[in-house]
Amino acid sequence: AEVNFWKYDKSFRHPLISENKMLQQHYLPEQIMQSLERNGIDGCVAVVAEAAEVETRFLCELALTHPVILGVTGWLNLYEPEAAEKITAFHEYGPLRAFRIDFRQGSIPGPAVMLLLKEYQYVLEISLEGPADIAALKKWITSNPDQRFILRDCGSPDTKQLPASSWETTIRELSKNRNLSCKISGLLERGNRKSWKPADLYPFLEILFDSFGPERLLYASDWPMLLLAGMYVQWKSLLEKFTEKYSREDREHFFGENARRIYRL
């Protein structure tokens with residue numbers, strides 16, 4: 001439910017890209033196809049790595065020539081006055097299924113924007129990279145029960161240590177909203193990249209699966225960011241091993257059916 005593609009440019013502002021030479025190159029579908037095939041992945045959702053409208057257009061056009069991209073999560077400044085007009089303009093891109101949004105303190109998109117997102121059935125993917133008013137976020141999600149939301153990167157925990165109580169509280173509170181799902185991704189690169197063990201991540205996965213349940217969690221690789229800490233097959237294998245205790249139906253939901261349903265793929 002999440003891979004990133006880009007043509008590298010020195011103007012990229014994403015911290016992982018700007019700080020790691022490994023990521024300072026082009027990453028396109030051709031470079032992940034073999035990994036997807038070997039791991040039994042039929043398709044992916046491409047997500048913008050940069051908060052830029054041009055990246056949204058790039059991914060939508062890339063999806064038209066690469067059938068493996070089943071949907072696109074783009075970016076628009078949903079807070080600006082022209083947001084509703086731009087959402088309508090971007091609706092011409094068939095592969096577009098969602099928009100990424102960085103939740104801001106004391107600010108939410110206006111009612112016209114929320115109405116259009118619901119009308120076009122666009123998912124909102126929420127990033128929590130810094131301090132956030134969780135009570136305000138929960139209230140916003142609750143007040144839009146017909147809008148589908150996804151929490152990106154498990155709420156961005158620090159996986160170099162055991163789960164922080166503040167992160168667990170956030171996850172358990174937000175998960176009470178049935179219209180919120182969560183992507184299982186981003187855990188490897190937030191941990192000890194060169195010395196991690198599967199057991200380091202199991203406590204986080206236990207909390208996430210207990211909170212959201214297999215029916216609201218989405219398998220996501222966060223490729224190529226995860227290459228900073230390992231290979232695609234390591235991440236997929238880790239999650240396959242962890243989910244062995246769940247039923248076949250639950251695993252099918254987690255590894256694909258939830259994404260198909262939520263993104264309307």
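**Exercises on a predicted model**

In this predicted model, strand E2, helix H4 (residues 83–90) and strand E3 together make a right-handed β-α-β unit.

**Exercise 1.** Determine which strands pair with E3 and how they run.

*Solution.* Begin with strand E2, which spans residues 69–75. Four bridges join E2 to E3, and the two run parallel. Within this pairing, valine 72 has leucine 96 of E3 as its bridge partner. Turn next to strand E4, residues 123–127. Five bridges join E3 to E4, again with a parallel course. Here alanine 98 stands opposite valine 123 of E4.

**Exercise 2.** State how many residues of E3 are buried.

*Solution.* Strand E3 covers residues 96–102. Six of its seven residues are buried, and the strand is thus described as mostly covered.

**Exercise 3.** Classify the aromatic pair of tyrosine 8 and phenylalanine 12, and decide whether each residue is buried or partly exposed.

*Solution.* The structure holds 18 aromatic pairs. In the pair of tyrosine 8 and phenylalanine 12, the ring centres are 5.9 Å apart and the planes make an angle of 75°. Because planes over 60 degrees apart count as edge-to-face, this pair is edge-to-face. For the second part, the cut-off for buried is under 20% relative accessible area. Phenylalanine 12, at 10%, is therefore buried, whereas tyrosine 8, at 24%, is partly exposed.

**Exercise 4.** Identify the aromatic cluster that contains Phe255, and the lysine that lies over the face of this ring.

*Solution.* One aromatic cluster is formed by Tyr202, Phe209, Tyr219, Phe242, Tyr246, Phe254 and Phe255. Lysine 236 lies over the face of phenylalanine 255, at 5.4 Å from the ring centre.

How values were computed: Residues numbered from 1 in each chain as written. Predicted model: local features only at pLDDT ≥ 70, side-chain atom pairs only at ≥ 80, totals over all residues. Heavy atoms only, no water. Buried < 20%, exposed > 50% of the residue type's maximum accessible area, 1.4 Å probe, protein only. Pairing = 2+ DSSP bridges. Right-handed = clockwise from strand over helix to strand, strands pointing away. Phe/Tyr/Trp six-rings, centres within 6.5 Å; stacked < 30°, edge-to-face > 60°. Lys NZ or Arg CZ within 6 Å of the ring centre and 35° of its normal.
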